[in-house]
Amino acid sequence: MALRERESSSSSINDKQEQNCSRVITIVFLALFIDLLGFALILPLFPSILDYYSQTEDGFYLSLQRGVDWFAVMVGMPPERKYNSVLFGGLIGSIFSILQFFSAPLTGAVSDCLGRRPVILMTVMGLITSYALWAASRTFGIFLLSRIVGGISKGNVSLSTAIIADLHSPKARSKGMAMIGIAFSLGFTLGPMIGAYLAMETEKGEVFYLRSALLALMFAVADLIFIFFLLPETLPKEKRVSSVTSGFQAAVDLLSPLALFQFSAVTREKESPSEENLQNLKILGLAYFLYLFLFSGLEYTLSFLTHQRFQFSSMHQGKMFFFIGITMAVIQGGYARRIKPGNEIRAVKKAIMLLIPAFLLIGWAASVTMLSVGLLLYSFAAAIVIPCLSAVVSGYGSASQKGRVMGILRSLGALARALGPILSATVYWLAGAEVCFTVCGAFFLIPFVLLGSIKQQRKEE
């Protein structure tokens, strides 16, 4: 009788924990989706914004443009004004990722001490400031300042993964990472289309990006209210690190690329991972970086390829990215979140092997049909890799270290996204699309081989 009561009590506790996990996952998904909708509104407007500041002869913009022109001459790029502006846009876009590279591990370390809730609220307030500056900007300097503030404040994405990593059940963590992937897919599918539509609806005398900026501001304010009232704290006080100072003592570890690849910040604590688990973390971090370095570079050059080879207009580009986003959302909702804990690495390796033919088909596409087949394989692989790798990494480290571990992972991703597009754009314009997509596609074999050396994780929690 007593045994039955204990079993019943245990079952009741497990059911309650599952309900709490599901509630946290739903709140994180909705908060991140609202955030990414606002963030993605600007994506289709970047070329037009650069043209706007060029046509208004903004002094700061023109001085930077002259610097880009000089760089293009130095590296032997074709003397095409159109390409120079693309390179300029790419360099400006990378500012966001470089700032994320610095901010993600720092916000993760602070949240390990103060808790997830107060830190994520602070980052959203930073985003509100960023969008307010964008809405008010009439000079390129203010616009650039808005991007800088936004990049510094974008640590809320790594905090979302840290919140999911706090969940007790590996199954819940895996499902949560998949739901984060779905939020990204939906946000980056719907956001750009809404932004482009609002820019087309501009009234006479109105700055074309004003409505998109105001809507992004509204989304950020709504996100702040939503998180404040609904998001619970997922890191109990007894599992937090003793002081913020202990996090900043490892500042070099958090900001040095070499130290990030070594996951040095998590080895300085008393509860350091075992040698085998630390080795796994290093391999996962390197594979994650190489994958995103190659993927983001080819992703960046994709729109140039379709415009050059198939004369895709902005509307065609929008439809293409809408197709990619919807396909990714369907795969993540129907397949990725059903991948059982322990099977993530196997799923990632299969997805990476699909990317090689995907990029070969895209790079050598002679017809839109061939391109579409390549994009379908591309979308399937893109939907699997990041959520699954995040789910695996979230299982490492003690409860008080997860924020730092996920922050380091996000920083590696931000560094990859800052460097990948610059390299791929350079190879594309020097050697052509076929060489760029073939060489970069073949290099996906490196993260594939690295993931094959991952050993079974030892339980440390």
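Start by selecting lysine 154 and aspartate 35: their side chains form a salt bridge, with 2.5 Å from N to O. Lysine 154 sits in the loop between α6 (140-153) and α7 (156-165), while aspartate 35 belongs to helix α1 (residues 2-40). Colour by accessibility and both lysine 154 and aspartate 35 come up as buried. Keep in mind that this is a predicted model.

Next, select glutamate 434 and arginine 309. Here the side chains meet in a salt bridge at 3.1 Å, N to O. Show the helices as well: glutamate 434 is in α19 (residues 433-442) and arginine 309 is in α14 (residues 275-310). Because of this placement, the pair ties together parts that lie 125 residues apart in sequence. Are these residues buried or partly exposed? Glutamate 434 has a relative accessible area of 29% and so is partly exposed. Arginine 309, at 25% relative accessibility, is also counted as partly exposed.

Then move to glutamate 206 and arginine 211, whose side chains form a salt bridge with an N to O distance of 3.1 Å. Glutamate 206 has 25% relative accessibility and therefore counts as partly exposed. Arginine 211 falls in the partly exposed class too, at 27%.

How many salt bridges does the model contain in total? The count is 4, and the pairs on this tour are among them.

Notes. Residues are numbered from 1 along each chain as its sequence is written. This is a predicted model: local features need pLDDT of at least 70, side-chain atom pairs count only at pLDDT 80 or more; totals for chains, interfaces and linings use all residues. Side-chain values use heavy atoms; hydrogens and water are left out. Helices (H or I, at least four residues) and strands (E, at least two) are DSSP runs, numbered from the N terminus. Buried means under 20% relative accessible area, exposed over 50%, partly exposed in between (1.4 Å probe, protein chains only).
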